[in-house]
Amino acid sequence: MCNQLIDVSDVISILSIVVNAFIAIWVVSEIQKNTSNRRILKDHFINEVKDIKDLYKDKFNQIMTNKSKPKDLLIWFKVMYIKIDDLLKCLNELYDVDLAYLEPYQRDLRYIVTENSDFIDAFSSNSEIQVSTVFMRDLMDFHQKNHKIFNKLIIQINNN
Amino acid sequence: MSKIISIRNDFSEYPGLRHCSISENSGEEFYHKVLNKSFYEALISDEKLVIDLDSTAGYAPSFLDEAFGRLVYDFTKNIVENKIEIVSTEEPSWIKDITNLTYSEWETRRLESSSPKITQKHDDWYKVNDDGEYVLGQWAEANTN
């Protein structure tokens, strides 16, 4: 009878070891899954920021090669604002990014473009803007000083 | 009680630039054809005037600066701040730009009597005089150069 008691307690011990092992494996698996999900989400939003950066880069190129029209640009600025606003709301919720992070960039760029005489001259007819050396220089200066904000945003998402 | 103006419905879906001399549907035109009289009517009715910026094809900053700046120049920043509400769900940053930048800059211009440029003859428009009365007239000459 004593042997039977030992055997039962051994069985209980073995069972509890096995159960604990399963629980441990499950917990690690869940943690790995969550970590993987967080990484996937970060990568997704980093790509969204890269897309925005590329859209601006393409638009700069279009303007500087005399392929943009003033009224189309106003529409584009508005569409970009709405797109960025949607993105920043998610980034603010998930990674505490400032909702107005890109507002100075958007405001200053819109001002530089729409106050330029080349833009104004082409506005009424909505013809392609003939970009002067001065306008090109202003755009390149702006781009050089400001393009790094996208990289800073990517770093903030990644490090969160 | 409030009166609502929609720039898209009451003026144009395609707002232009600052002055009549450089574009159609300018801020100058919006001010003289729509905003000045609507604001005056809100004042005498003791109503708030709500300006909806949404549903247009987008703004150049100069359009909004000229329209709302002229309002401050003719009525003072204090009166405008108390009587106007600007709304935009599409681009709320315009509200900040107008209330934080445009109002202050044009109030400074008003105090310095630095007249705004008028590029086309307009009908008489309203302003507040030094005695606080609302008066109608031609308050500046058009400079078509």
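**View 1. Salt bridges between chain B and chain A.** In this predicted model, the count between the two chains comes to 5 salt bridges.

**View 2. Polar contacts, and the elements of chain B that touch chain A.** Across the interface of chain B and chain A, 9 residue pairs are in polar contact, with both partners at pLDDT 80 or more. Which elements give two or more residues to the side of chain B that touches chain A? They are α3 (61-75) and α5 (93-111) of chain B. Of the elements, α5(B) gives the most to that side, with 4 residues. Sort the side of chain B that touches chain A by class, and you get 9 nonpolar, 7 polar and 6 charged residues.

**View 3. The whole contact between chain B and chain A.** Now take in both sides together. Chain B puts 22 residues into the contact, and chain A puts in 17 residues. The area buried between chain B and chain A is about 1,600 Å². Carbon and sulfur atoms give 53% of that buried area.

**View 4. Confidence in the model.** How does chain B score, and what about the model as a whole? Chain B has an average pLDDT of 95, and 99% of its residues score at least 70. For the model, the scores are ipTM 0.91 and pTM 0.87.

Notes: Residues numbered from 1 in each chain as written. Chains lettered and ligands numbered in written order. Predicted model: local features only at pLDDT ≥ 70, side-chain atom pairs only at ≥ 80, totals over all residues. Heavy atoms only, no water. Contact = heavy atoms within 4.5 Å. Buried area = accessible area lost by both parts, 1.4 Å probe. Salt bridge = Lys/Arg side-chain N within 4 Å of Asp/Glu carboxyl O. Polar contact = N/O pair within 3.5 Å; in protein donor to acceptor, adjacent residues only side chain to side chain. Nonpolar A, V, L, I, M, F, W, Y, C, P; charged D, E, K, R; others polar. pLDDT = per-residue confidence, 0-100.
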